[in-house]
Amino acid sequence: MSLRAKQIIIAILGFIFLLSLVFVQWVEVTRKQEEAGLTAHHIAVPIKSRQCVECHEKSSPGIIDHWKGSTHAVKGVGCVECHKAEADDVDAFTHYGHTIATIVTPRDCGHCHQNEHKEFERSHHAKAGNILASLDNRLAEVVEGFREDVKDEQGSIIETLTRFNPHSPTPGMAIETVNGNASVDVGCKQCHGSKVSLEGTDGSLISVDQLKPDATGKPTNMDAVALVKHDASGRPVLSASSWPNTGIGRLNLDGSLGSCSACHSRHDFSPRRARQPENCGKCHLGPDHPQKEIYEESKHGVAFRDLKEHMHLDSKDWVLGRDYTQAPTCASCHMSANTLNGEKITHDPGERLSWTNRPPVSTVMDTDINGKIVTETDPAKRRQMVTSTWQDKRQNMQQVCLHCHTQNYINSFYKQYDDFVVNYNEKFAKPGEAIMAALTKNELISKAQFDDEIEWTWFYLWHHEGRRARHGASMMAPDYAHWHGMYEVAERFYQELIPQAREIAEHATAAGKGEAAQAALAVIDEILARPEHKWYEKNKIKFTGEHAAVHEGIAEDLKQAQAAANDAAPPADATNDKPVEAADDATPPAAKDAEKPAEDAADGNSDASAATPPEGERQAANNPLRVDDVVNR
Amino acid sequence: MSHIGEWLSERVPVSGAQLEELTNEPVPYHLKRWWFCLGGTPAYLFVVQIITGILLAFYYQPSAATAYDSIAYITEQANYGWFIRSMHKWAATFMIAAVILHQMRVYFTGAYRRPREINWLIGMCLLMCTLLVGFTGYSLAFEQLSYWGATVAANISDAVPVAGRFAKQMLLGGDSYNERTLSRFYILHAAVLPTTMILLIAVHITFIRLHGVTEFRTEDESDDAPRHFNFFPEHLLTELTIGLVLMIMLSAISTIFPVMMGPKADPLTTPEVIKPEWWFYVSFRWLKLFSLSFAVLSTGFIVGAMFLWPWIDGALRKITGKEEVSVYIGIVATLLLVGLTVWEAVVTH
Amino acid sequence: MAGGLAAGYGTLGVMAIRFLHASDGDAMGWQFLCRTEELTIGESLPYTTPSGAKVVIARQSDGDTASDFIALSSVCPHLGCAVHWESQNDRFFCPCHNGAFDPQGNATEGPPAAAKQQLTRFPLQVEDGLLFILVPLQAVLGEGMQVAAVTKPLHHDRSEEMEA
C-alpha cells in the first residue's frame with residue numbers, strides 16, 4: 001500500500017470517527033431532552049423561606065419533602081409566597097416574624113395562576129360547597145345526625161340545635177354531648193367543601209357570611225373580625241367542624257370558592273397525580289356516581305392500567321396527541337389539553353359535557369353567561385339566555401375522542417348515549433317525578449324529605465340507580481349501564497315505587513281521603529297505560545274483591561277501617577278496580593287529556609293554556625329537584 | 001521563525017535527523033501484514049484507558065457510601081458521562097482481547113525464543129497486570145456483581161497456600177470486604193498498576209528495539225523484495241489507521257451498547273446468578289470443575305508454566321526433537337481456553 | 001490526513017472538556033420574583049438569591065416583557081463590596097472606594113467608572129405575567145446550605161435498587 005493511499009485512508013477514517021462521535025452527540029442530546037422534564041432538578045430554598053424549611057424539616061419533614069419534589073421548589077416559590085397574609089386578613093397571624101395564614105385559598109393560588117382560577121370559579125366544582133338545604137345534606141344532617149330548628153311563634157328560626165345528649169356512658173371517655181354534624185363534617189364536606197369558620201369569643205362561628213369580604217377578599221364587617229377568638233400564640237382558632245378540609249367547593253374566609261389542593265394535593269402539587277384517575281376517585285365513586293369504577297370497567301380504564309408507564313405522565317404540558325395517545329384518564333377527556341383544541345387546558349370540566357346526568361331527569365348543558373344551566377322552556381327566551389350550547393360542549397369533547405376514533409364512530413356512540421338517556425328520562429324519570437309530585441301535591445306524603453318510605457325509594461331510583469345507568473352509558477361501562485343501572489331502575493320503579501304509591505293511595509282512601517287518592521292513582525294509571533309500560537299489567541292476573549284488600553299486605557286494622565268507610569263511601573272495590581280495567585281496554589278520556597299536554601311540554605311547543613296544568617304539576621315535581629339543584633355532582 | 005528554531009535547538013540539542021534516526025527503526029517487511037501489528041493495539045487502548053480513566057477519576061469517589069452514586073452521576077447526569085464510561089469499559093474489554101491475541105501471535109510464531117525470553121516474561125507480567133487492572137476496575141463500580149465478584153476473588157486468594165491469606169488481607173484491607181476495600185482497589189486500579197504497566201511497556205518496547213523485531217519471510221515473497229521499510233511515516237500510519245478503526249468501533253459500540261447501572265451492592269444478598277467478567281470465565285469454570293485447592297494450585301501451575309514457557313519449550317524441543325511441538329500444545333491450550341469460556345458463557349450455574 | 005485526524009480526535013477532545021466542565025456544579029435556575037404588575041416604575045424589589053447574593057430588580061418602562069425590567073447585582077465589580085441605592089442621588093453607591101452607578105448599572109464615578117465597568121445584570125423572563133430571574137442555585141450538596149439536588153424519578157429508581 002502506498003504512503004499516499006494510507007494517508008487518504010486515515011483521513012477517511014478520521015471523518016468516519018467524527019461521524020461516529022456525531023452519533024454520540026445525537027444520543028447525548030436526545031438523552032438530555034428526554035430527561036429534561038424528569039431529572040436533575042436542582043432546587044434551592046428561597047431565602048425568604050429558608051427559616052421555615054430549617055424548622056419544619058425537623059418538625060414536619062413530610063411537607064418539606066413533598067415541597068422539594070414540586071415545581072414550585074424548582075421555580076423558587078417557597079413557603080412564604082403561598083402562605084403569606086396581610087395583617088388585615090381575618091385569619092392572619094405572626095409566625096416567627098412572618099405574617100401568614102394557615103389556609104391557602106384559590107384567591108392566593110390565583111395570584112399567579114390567574115386563568116386557572118377564573119376557569120375554576122366558573123365551574124360546577126367551585127359551587128360544590130352550596131349543599132346546605134340540599135337533599136343530600138338533609139340526609140347527613142338530620143337523618144344520619146341531628147339538626148333541629150327551634151322556631152318562635154311566628155315560625156322564624158331562633159336557634160338551630162345540632163348537639164344531643166349521649167344516652168349511656170362510653171367507658172374511658174367523657175362525652176358530654178354528641179355532635180350531630182359529625183357525618184356532615186367527615187362525609188359531605190370533605191368532598192363538597194366546608195364553610196371555613198373561625199371560632200368567636202362568644203361561642204359563635206364566624207364565616208364568610210359574617211365577614212362579608214369585599215372584592216379583594218378583605219373582611220368588611222369589623223364587628224365580626226373583632227369577635228374572632230385567638231389562641232395563646234395569637235393564632236385565630238379555626239373551627240374543627242370546618243377545617244381540616246380540602247373539599248372542592250370550600251367556602252373560604254376571603255370569599256373565594258373551592259380548594260386547589262382538592263386535586264393538586266399540597267405540598268407537591270403534582271400534575272402527574274392530578275392526571276390520574278385515582279385523584280378524582282377521592283369523590284367520584286360509590287353507589288350514587290361510580291365514575292371511577294365505571295372508568296375502570298371501560299376499555300379506556302383498561303388501556304390506562306396497561307399502558308400507564310408509556311403515557312409520559314411527568315411531561316410538562318401532557319397534551320393528548322403529542323405527549324401520549326395510549327389511553328385517556330378522567331383529566332384527558334374532561335380537562336387536559338389536546339392537539340385539536342389548541343392545546344388548551346380547562347379547569348371547568350363542564351366545558352365538555354353535553355348532558356348533566358346529576359338531577360333526577362337529565363337535561364342538556366345549555367348554559368348562560370354565569371355557567372348555570374338554562375331551565376327556560378320557551379325557545380325564543382331560551383335562545384337569548386343560552387351563551388354556550390350543549391352542542392358546543394359536545395364539540396369540545398369530540399375533539400378529545402377524535403384522537404383515537406373516527407367522526408362516524410363518535411357520532412354513533414353519541415346516538416347510543418343520547419337514546420339511552422332519553423329512554424331513562426321518558427320511561428322512568430319523568431313518570432317517577434310526576435308520581436312523587438302527585439303524592440306531595442295531594443298531601444298523601446309530607447313535604448319533609450325521607451320520612452316516607454317512598455321518598456327513599458324514589459331517591460334510590462334516580463340518585464343511585466338512575467345515575468349509575470346514565471354515567472355507565474356516558475363512559476362505556478355496559479355492566480353499570482344495565483345491571484347496576486337500568487335493571488335496578490326498572491325493578492325499583494315497578495316493584496317498589498308503583499306498589500308503594502298505590503299503597504299510600506289505598507291507605508289514604510281508607511283514611512277518608514278518597515278524592516286525593518283518586519287524583520294520585522289517576523296519574524299512576526295514566527303512566528302505566530302508556531305503550532312502554534303497557535306490558536306490565538297487561539297480562540297480570542288481576543285480583544278483585546277480598547283479594548284486592550289483602551294485596552300488598554294491607555294490615556288487618558286497615559281492612560277494618562275500610563269496612564267502616566264502606567258504609568259512608570262508594571264500594572272500595574269499584575274505586576280500586578276501575579282504572580286497572582280501563583287501562584287494559586283503552587285509554588280513558590281523562591288519561592288521554594293528561595297525556596297530551598305532557599307530550600307537548602316535552603316537545604317544548606305547548607301553548608300556554610294546554611301547558612298550564614302539567615306545569616303546575618311540574619313545579620311540584622321539581623320541588624325536590626330544586627332543592628337539590630345546588631348539589632354539586 | 002528561524003529565531004525560534006535557533007532558540008529551540010540551542011536548548012534542546014537534538015536535530016531532526018537525530019530524531020529520525022532515533023525513532024526510525026527499520027521495520028521488517030512482514031509488518032506490512034496487519035496481523036503482525038497486534039502488539040500496538042493494546043498499547044493504543046492503554047492510552048485510551050489512561051485518558052478516559054483520568055476523566056472518570058474527576059467524578060469518581062472511592063468509598064462504599066459514594067462510589068455507586070458518583071458512578072450514577074457520571075452515567076446519568078454528567079455531559080457525555082455515559083459515553084466516557086462506556087468507552088472505558090469497552091476499551092478494557094478490547095484491550096484484554098488484544099493482549100490475548102497479541103500473545104497468541106507471539107506464541108504461534110515462536111517469537112519468544114532465544115534471545116527474546118526476557119521480553120516474554122515482561123509480556124506475561126503485562127498480561128497479569130492487565131487482568132488485575134480489569135478486575136479492580138470492575139470492582140470499583142460497587143454493583144452487586146462486582147461486589148460479590150471481589151468477595152469471591154478474595155476468598156480464592158485465601159485458598160492459596162502460605163501467602164494466600166496475607167494476599168487477601170492486603171487486597172481487602174481486612175478479612176472481608178469493608179469500607180477500606182474500595183480505596184485499595186482504586187489506588188491499585190488508578191495508580192499502582194498503571195504505573196507498573198507504563199514501566200513494563202517501556203521495558204517491553206526497549207527490548208523490542210534492542211533485539212529488533214523478529215523477522216519472517218513468507219513463502220510468497222520473492223527473495224529480492226525489500227527486507228525492511230521505515231517506521232516513520234509508513235508504520236506509524238499503519239498504527240494510526242488501526243487506532244482510528246479502534247476508535248470508530250469503540251465509540252459505535254459504546255453508543256449502541258452503553259454501560260448501564262446495575263443494582264447497587266448489597267452485602268446481605270448474593271445475586272442468584274453470579275458471573276465474573278468474561279475474561280475470568282475460564283478460571284471460574286475451572287473452579288467449578290475441581291476442588292478449590294486443586295483448582296487454585298493447578299491454575300498457579302499453569303500460570304507458572306506460561307511464565308517459564310521459553311525454557312520449557314526449549315527443553316521440549318530438545319527431548320522430542322520436533323520444532324512444532326509448541327504449536328500443538330498451543331492449539332490444545334487455545335481450544336481448552338475457548339471451550340471453557342463458551343461453556344461458562346452458555347450455562348447459568 | 002491532518003484534517004481527518006483533527007476532526008476525529010478533536011471532537012473527542014471537545015467532548016472530554018464538556019465532560020469535565022460539570023453540567024450542574026453551578027446550576028442556574030429560574031426563580032420566581034413577583035407578578036409583573038406588582039412592580040411600578042420607581043420602585044425596586046430587593047431579592048436575595050439562594051446562594052446569598054443580593055439583587056435589585058426595578059421596572060424601567062411600562063410593559064409586560066422581560067426587557068421592561070432590570071435586575072442588577074449588588075456586588076461592586078471593582079472588588080466585590082456591596083453597593084446600596086441612594087435615592088437622593090438616584091445612584092447605586094459603593095462605600096469601599098466611592099464607586100457609583102446609574103440606575104442602569106453603568107459606573108459613573110470612582111474606580112469602576114475609570115474601568116468602564118457595570119453592575120452585573122441577571123437575565124429576566126416573563127411567563128404568564130410572572131417575573132422570573134435566572135440565578136445560581138449553588139446546588140452543591142452539603143455546605144450547610146438548604147440546597148438539594150432533587151432527581152424525581154431517579155430518586156424512586158434508586159431507592160428500589162437499594163431495597164433489591
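Modeller: A residue is called buried under 20% relative accessible area, exposed over 50%, and partly exposed in between. The model is a predicted one, and by that scale Asp158(B), at 26% relative accessibility, counts as partly exposed. The side chain of Asp158(B) meets that of Arg165(B) in a salt bridge, with 4.0 Å from N to O, and Arg165(B) is likewise partly exposed, having a relative accessible area of 43%. In chain A, salt bridges with shared partners join Lys316(A), Asp317(A), Arg322(A), Asp323(A) and Glu343(A) into one network.

Over all chains the structure holds 47 salt bridges, and one of them is formed by the side chains of Glu86(A) and Lys218(A), at 2.7 Å from N to O. That pair links distant parts of the chain, 132 residues apart, since Glu86(A) sits in the loop between α5 (79–83) and β2 (93–95) of chain A and Lys218(A) in the loop between α10 (208–211) and α11 (222–227) of chain A. Glu86(A) is partly exposed at 48% relative accessibility, whereas Lys218(A) is buried, with a relative accessible area of 16%. Arg147(A) and Glu141(A) form another salt bridge, in which the closest N and O atoms are 3.4 Å apart; here Arg147(A) is partly exposed, at a relative accessible area of 34%, and Glu141(A) is buried, at 8%.

Turning to the cysteines, there are two disulfides over all chains. In chain A, the sulfur atoms of Cys191(A) and Cys283(A) lie 2.1 Å apart in a disulfide, and this link is left-handed, with -100 degrees about the S-S bond. It connects distant parts of the chain, 92 residues apart, with Cys191(A) in helix α9 (residues 182–192) of chain A and Cys283(A) in the loop between α13 (277–280) and α14 (291–297) of chain A. Cys191(A) counts as buried, at 18% relative accessibility.

In chain C, Cys81(C) and Cys96(C) form a disulfide with their sulfur atoms 2.0 Å apart, and because the torsion about its S-S bond is about -95 degrees, the disulfide is left-handed. Cys81(C) lies in the loop between β4 (69–73) and β5 (84–86) of chain C, and Cys96(C) in the loop between β6 (91–94) and β7 (99–101) of chain C, so the pair ties together parts that are 15 residues apart in sequence. Cys96(C) counts as partly exposed, at 38% relative accessibility.

Cys125(B), by contrast, is in no disulfide. The sulfur of Cys129(B) is 6.8 Å from that of Cys125(B), its closest cysteine sulfur, which is too far for a bond. Of these two residues, Cys125(B) is partly exposed, with a relative accessible area of 29%, and Cys129(B) is buried, with 10%.

Between chain A and chain B the count of salt bridges is zero, while two residue pairs are in polar contact.

How values were computed. Residues are numbered from 1 along each chain as its sequence is written. Chains are lettered from A and ligands numbered from 1 in the order in which they are written. This is a predicted model: local features need pLDDT of at least 70, side-chain atom pairs count only at pLDDT 80 or more; totals for chains, interfaces and linings use all residues. Side-chain values use heavy atoms; hydrogens and water are left out. A polar contact is a pair of N or O atoms within 3.5 Å; within protein, one must be able to donate a hydrogen and the other to accept it, and residues adjacent in sequence count only if both atoms are side-chain atoms. A disulfide is a pair of cysteine sulfur atoms within 2.5 Å. Helices (H or I, at least four residues) and strands (E, at least two) are DSSP runs, numbered from the N terminus. Buried means under 20% relative accessible area, exposed over 50%, partly exposed in between (1.4 Å probe, protein chains only).
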